[in-house]
Amino acid sequence: MPHSSDSSDSSSFSQSPPPSKQDSSDDMRKVQRREKNRIAAQKSRLRQTQKADTLHLESEDLERQNAALRREIKQLTEEMKHFASMLSSHEQLCSILASPPPPPEVLYATHSFHQPHISSPRFQH
(Lines give C-alpha, C1' and ligand atoms only; values in the text may rest on other atoms or scores of the structure.)
Protein backbone atom coordinates (compact mmCIF):
# COMPACT_ATOMS: atom_id res chain seq x y z
CA MET A 1 0.00 0.00 0.00
CA PRO A 2 1.62 3.26 -1.08
CA HIS A 3 2.16 5.91 1.55
CA SER A 4 0.19 9.01 0.76
CA SER A 5 0.98 12.44 1.97
CA ASP A 6 -2.55 12.96 3.14
CA SER A 7 -2.73 15.87 5.54
CA SER A 8 -5.08 14.02 7.89
CA ASP A 9 -2.43 11.31 8.52
CA SER A 10 0.34 13.75 9.34
CA SER A 11 -1.93 15.98 11.39
CA SER A 12 -2.88 13.12 13.71
CA PHE A 13 0.79 12.67 14.67
CA SER A 14 1.68 16.30 14.96
CA GLN A 15 -1.38 17.20 16.99
CA SER A 16 -0.79 14.74 19.84
CA PRO A 17 -0.68 16.56 23.13
CA PRO A 18 2.70 17.08 24.77
CA PRO A 19 3.54 14.49 27.44
CA SER A 20 1.92 15.36 30.68
CA LYS A 21 3.29 14.78 34.18
CA GLN A 22 0.96 11.78 34.46
CA ASP A 23 2.41 10.21 31.29
CA SER A 24 5.99 10.69 32.44
CA SER A 25 5.10 9.29 35.86
CA ASP A 26 3.53 6.22 34.21
CA ASP A 27 6.62 5.82 32.02
CA MET A 28 8.86 6.05 35.07
CA ARG A 29 6.81 3.37 36.86
CA LYS A 30 7.01 1.12 33.79
CA VAL A 31 10.78 1.52 33.68
CA GLN A 32 11.07 0.80 37.41
CA ARG A 33 8.76 -2.20 37.12
CA ARG A 34 10.75 -3.57 34.16
CA GLU A 35 14.02 -3.11 36.04
CA LYS A 36 12.59 -4.80 39.13
CA ASN A 37 11.25 -7.64 36.98
CA ARG A 38 14.63 -7.97 35.21
CA ILE A 39 16.43 -8.27 38.56
CA ALA A 40 13.87 -10.78 39.85
CA ALA A 41 14.23 -12.89 36.68
CA GLN A 42 18.02 -12.74 36.99
CA LYS A 43 17.85 -13.91 40.63
CA SER A 44 15.42 -16.65 39.67
CA ARG A 45 17.75 -17.92 36.93
CA LEU A 46 20.67 -17.84 39.37
CA ARG A 47 18.72 -19.85 41.97
CA GLN A 48 17.69 -22.32 39.29
CA THR A 49 21.31 -22.73 38.18
CA GLN A 50 22.47 -23.20 41.78
CA LYS A 51 19.76 -25.81 42.37
CA ALA A 52 20.79 -27.67 39.21
CA ASP A 53 24.44 -27.56 40.30
CA THR A 54 23.52 -28.90 43.75
CA LEU A 55 21.45 -31.71 42.25
CA HIS A 56 24.31 -32.57 39.89
CA LEU A 57 26.79 -32.80 42.78
CA GLU A 58 24.32 -34.88 44.81
CA SER A 59 23.81 -37.18 41.83
CA GLU A 60 27.56 -37.67 41.43
CA ASP A 61 27.89 -38.44 45.15
CA LEU A 62 25.07 -40.99 44.97
CA GLU A 63 26.70 -42.59 41.92
CA ARG A 64 29.97 -42.96 43.88
CA GLN A 65 28.12 -44.45 46.87
CA ASN A 66 26.27 -46.84 44.58
CA ALA A 67 29.52 -47.99 42.95
CA ALA A 68 31.13 -48.51 46.39
CA LEU A 69 28.14 -50.53 47.58
CA ARG A 70 28.22 -52.66 44.43
CA ARG A 71 31.92 -53.37 45.03
CA GLU A 72 31.14 -54.31 48.63
CA ILE A 73 28.32 -56.63 47.52
CA LYS A 74 30.67 -58.31 45.04
CA GLN A 75 33.37 -58.74 47.71
CA LEU A 76 30.89 -60.09 50.29
CA THR A 77 29.42 -62.49 47.72
CA GLU A 78 32.90 -63.84 46.98
CA GLU A 79 33.57 -64.15 50.71
CA MET A 80 30.29 -66.01 51.19
CA LYS A 81 31.20 -68.43 48.38
CA HIS A 82 34.59 -69.02 49.98
CA PHE A 83 33.03 -69.76 53.40
CA ALA A 84 30.36 -71.99 51.85
CA SER A 85 33.12 -73.96 50.12
CA MET A 86 35.08 -74.24 53.38
CA LEU A 87 31.96 -75.43 55.21
CA SER A 88 31.22 -77.97 52.52
CA SER A 89 34.77 -79.32 52.72
CA HIS A 90 34.58 -79.43 56.51
CA GLU A 91 31.21 -81.19 56.58
CA GLN A 92 32.66 -84.06 54.53
CA LEU A 93 35.50 -84.56 57.04
CA CYS A 94 33.78 -83.66 60.32
CA SER A 95 33.48 -86.55 62.76
CA ILE A 96 31.01 -84.66 64.95
CA LEU A 97 28.57 -84.35 62.08
CA ALA A 98 29.07 -88.00 61.13
CA SER A 99 28.09 -89.32 64.60
CA PRO A 100 24.56 -89.00 65.99
CA PRO A 101 24.05 -86.13 68.44
CA PRO A 102 24.23 -87.00 72.17
CA PRO A 103 20.99 -86.95 74.17
CA PRO A 104 20.21 -83.61 75.86
CA GLU A 105 20.72 -84.98 79.42
CA VAL A 106 24.35 -85.78 78.56
CA LEU A 107 24.97 -82.25 77.37
CA TYR A 108 23.66 -80.66 80.56
CA ALA A 109 24.65 -83.27 83.21
CA THR A 110 27.98 -81.62 84.03
CA HIS A 111 26.40 -78.25 84.73
CA SER A 112 24.97 -77.44 88.14
CA PHE A 113 22.71 -74.44 87.97
CA HIS A 114 22.02 -74.28 91.72
CA GLN A 115 25.51 -73.53 93.00
CA PRO A 116 26.60 -69.93 93.52
CA HIS A 117 28.99 -68.62 90.91
CA ILE A 118 30.87 -66.36 93.29
CA SER A 119 32.57 -68.04 96.26
CA SER A 120 33.85 -64.90 97.95
CA PRO A 121 32.49 -64.48 101.53
CA ARG A 122 31.63 -60.91 100.70
CA PHE A 123 28.94 -62.04 98.26
CA GLN A 124 27.48 -64.86 100.36
CA HIS A 125 24.46 -64.26 102.55
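1. A helix here is a DSSP run of H or I with at least four residues, and helices are numbered from the N terminus. That definition matters for a pair in helix α2: Lys-81 and Glu-78 are three residues apart there, so about one helical turn separates them. Their side chains meet in a salt bridge, with 3.9 Å from N to O. Glu-78 has a relative accessible area of 46%, so this residue is partly exposed.

2. Keep in mind that this is a predicted model. The mean pLDDT of the protein is 80. A score of at least 70 is reached by 68% of the residues. Confidence is not even along the chain. Helix α1, residues 7–14, has the lowest confidence, with a mean of 50. Helix α2, residues 21–93, has the highest, at 95. Read helix α1 with that value of 50 in mind.

3. The fold is quickly described. There are four helices and zero strands. Starting at the N terminus, the order is α-α-α-α.

4. How much of the protein is buried? Of the 125 residues, 1% are buried. Buried means under 20% relative accessible area. The protein exposes about 12500 Å². Carbon and sulfur atoms supply 59% of that area.

5. How many salt bridges does the structure hold? The count is four. The pair Lys-81 and Glu-78 is one of them. Two others follow.

6. Arg-29 and Asp-26 form a salt bridge through their side chains, at 3.4 Å from N to O. Where do Arg-29 and Asp-26 lie? Both sit in helix α2, three residues apart, or about one turn of the helix. Arg-29 has 48% relative accessibility, so it counts as partly exposed. Asp-26 is partly exposed as well, with a relative accessible area of 28%.

7. Asp-61 and Arg-64 make another salt bridge. Their closest N and O atoms are 4.0 Å apart. Both residues belong to helix α2, and a spacing of three residues puts them about one turn apart. Arg-64 is exposed, at 52%.

8. To sum up, the protein has four helices and zero strands, and 1% of its residues are buried. Helix α2 carries the highest confidence, at 95.

Methods. Residues numbered from 1 in each chain as written. Heavy atoms only, no water. Helix = DSSP H or I, 4+ residues; strand = E, 2+ residues; numbered from the N terminus. Buried < 20%, exposed > 50% of the residue type's maximum accessible area, 1.4 Å probe, protein only. Areas by Shrake-Rupley, 256 points an atom, 1.4 Å probe, with all protein chains shown as cover. pLDDT = per-residue confidence, 0-100.
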